[in-house]
Amino acid sequence: MKILEKQPTELLIATRNPGKIAEFRGLLTGLPFTLAIPNDIASLPEIEETGATFGANARLKAIGYAKAAGIYTIADDSGLPPGRDPVADDSQRDSFPMRG
């Protein structure tokens with residue numbers, strides 16, 4: 001089943017966090033994308049994380065970077081350091097407002 005008419009060839013990982021970049025690269029290994037990060041694209045703006053939840057911030061980053069870069073973008077904002085298991089830490093993390 002063909003989902004997209006034109007298959008993307010480039011995918012932007014919407015984070016500047018080296019640990020999260022490494023995690024995403026590991027998860028996406030073998031997929032037919034050339035992976036990019038914000039530092040690879042000249043004058044890509046920082047996206048303000050003004051959402052009320054971690055999921056809202058991930059959405060803001062994905063949409064903001066996709067519009068600015070013009071390529072498909074993936075983002076997360078788990079509020080956890082890289083390598084932590086979000087299910088073990090908080091299975092309903094996105095249901096709660098962000099904690100400071």
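This is a predicted model: local features need pLDDT of at least 70, side-chain atom pairs count only at pLDDT 80 or more; totals for chains, interfaces and linings use all residues.
Local features need pLDDT of at least 70, side-chain atom pairs count only at pLDDT 80 or more, and totals for chains, interfaces and linings use all residues. Residues are numbered from 1 along each chain as its sequence is written, and side-chain values use heavy atoms, with hydrogens and water left out.

**Fold and surface**
- The protein has three helices and three strands (DSSP runs, numbered from the N terminus: H or I of at least four residues for helices, E of at least two for strands).
- Their order from the N terminus is β-α-β-α-β-α.
- Among contacts (heavy atoms within 4.5 Å) between residues at least 6 apart in sequence, 57% join residues at least 24 apart.
- The accessible surface is about 6,600 Å², and 56% of it belongs to carbon and sulfur atoms (Shrake-Rupley method, 1.4 Å probe).

- Of the 100 residues, 32% are buried (under 20% relative accessible area, 1.4 Å probe, protein chains only).

**Asn57**
- Asn57 lies in helix α2, residues 54–69.
- Asn57 counts as buried because its relative accessibility is 1%.
- A polar atom of the Asn57 side chain lies 3.2 Å from the backbone nitrogen of Thr50.

Note on methods: Buried means under 20% relative accessible area, exposed over 50%, partly exposed in between (1.4 Å probe, protein chains only). A polar contact is a pair of N or O atoms within 3.5 Å; within protein, one must be able to donate a hydrogen and the other to accept it, and residues adjacent in sequence count only if both atoms are side-chain atoms.
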